[in-house]
Amino acid sequence: MTHLVTWYRAVTMQAERVLDTNRDHVDRQIDGYQFVHVLRQALRAACMLRDHLTGPAQAVAQAAVSRFEVAAPDAKNARDVLDHFDDYARGTGNLSHPGVPAKRRQPTEQAARQFNVFYELGANGRYILHLGSLSIDVVGAQQACSDLVDGLLEAVGLPIADDDEAALADLGPLDAANPMTTALAFLMVLWNPPLTEEGVRVLRSLVTEESRQAWRDFAEVGHTLGGFTFTTRPARPSDDVAHVKLVPDTGQTRQVQGHIMITDAWWLTLQRRLDRGDRWLVHALAKYPFTRDELPWSMSVE
């Protein structure tokens, strides 16, 4: 799931670049090439996850993959044309000679022209990349990829606790060794407006010194997270890093089993710091969890 959401984020980033009308046309087309690549990677990650599942979950995942393939039917072949541009420029690409072994393909001028690449600017800001008869509508393909991720999330499932007591029990002991202790303290101050000077002081004491400049407006952060709730088990990729997922509030505390990512989540990244009394501190709030390499490495617990 991590691979899928990572590649979906790449799809979104590339789509934004391609659709930016203030950028040079050549640059937009180059980013269109990269969009095709990451779109194929997202599909590959979805298929890998589908193959890992069993029973009804796999059926739901397969349905999501099938819907994507209908919505963006040229995703696989478009990537092949760009990835093997040299073969297609010579007229010896796979799609130029379907069913013919590579050693027996004869380059022709007609085959070399068959997959010329160009773009079309459609209505309502749409950008369509053409590769001969193949086409990738960036807006449509991005939406199809979003639907694909949603379908895989449905397949994986996000268990909900029957009651808050069961969910809170999943937090574990709220002691100094538990990153949720710091995360909860941080969130409870944010979620209880109005934010006073004392509240700001508390929040500043709960974040890393290196990130304090980035926390310019805690009140705005609290407003952003006003419609979210926390999941009860942080992801722990290492002894000194923890990620707490914040998801849309459905009125129930989320109890999570396993490491699941969700596309409309916010992530608190916390770091265990020896220089601050072996405490857990919040380092970042973002739409993705920070990696260990993005944290102040010199203070990390080795």
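Me: How much space lies in the second largest pocket?

Reply: Rolling a probe the size of a water molecule over the atoms shows where empty space is left. On a 1 Å grid over the protein atoms alone, a pocket is an open set of points where a 1.4 Å probe fits, with protein on both sides within 12 Å along at least five of seven lines, and lining residues have an atom within 4 Å of a point. Here the second largest pocket holds about 230 Å³. This is a predicted model, in which local features need pLDDT of at least 70 and side-chain atom pairs count only at pLDDT 80 or more, while totals for chains, interfaces and linings use all residues. Residues are numbered from 1 along each chain as its sequence is written, and side-chain values use heavy atoms, with hydrogens and water left out.

Me: Which residues lie nearest the centre of the second largest pocket?

Reply: They are Tyr33, Val81, Leu82, Asp83 and Phe85, from a lining of 15 residues. Helix 2 (25–52), helix 4 (75–83) and helix 5 (85–90) each give two or more residues to this lining. By class, the lining has 10 nonpolar, three polar and two charged residues. Ala, Val, Leu, Ile, Met, Phe, Trp, Tyr, Cys and Pro count as nonpolar, Asp, Glu, Lys and Arg as charged, and the others, Gly among them, as polar.

Me: How many helices and strands are there in the chain?

Reply: Helices (H or I, at least four residues) and strands (E, at least two) are DSSP runs, numbered from the N terminus. The chain has 11 helices and eight strands.

Me: What caps the N-terminal end of helix 2?

Reply: Aspartate 24 does, with a side-chain oxygen 2.8 Å from the backbone nitrogen of valine 26. At helix 7 (138–156), the cap is aspartate 137, with a side-chain oxygen 3.2 Å from the backbone nitrogen of valine 139.

Me: Is glutamine 41 buried or exposed?

Reply: Buried means under 20% relative accessible area, exposed over 50%, and partly exposed in between (1.4 Å probe, protein chains only). Glutamine 41 is in helix 2 and counts as buried because its relative accessibility is 18%. Its side chain makes a polar contact of 2.2 Å with the side chain of arginine 44. A polar contact is a pair of N or O atoms within 3.5 Å; within protein, one must be able to donate a hydrogen and the other to accept it, and residues adjacent in sequence count only if both atoms are side-chain atoms.

Me: What does alanine 284 touch?

Reply: Contact means heavy atoms within 4.5 Å. Not counting residues up to four places away in sequence, alanine 284 touches Trp215, Trp267, Leu268, Thr269 and Phe290. Alanine 284 lies in strand 8 (residues 279–286) and counts as buried, at 7% relative accessibility.

Me: Where is arginine 23 found?

Reply: Arginine 23 is in the loop between helix 1 and helix 2. A polar contact of 2.7 Å joins its side chain to that of aspartate 31.

Definitions and conventions. Points joined across faces, edges and corners; volume = space filled by probe spheres on them.
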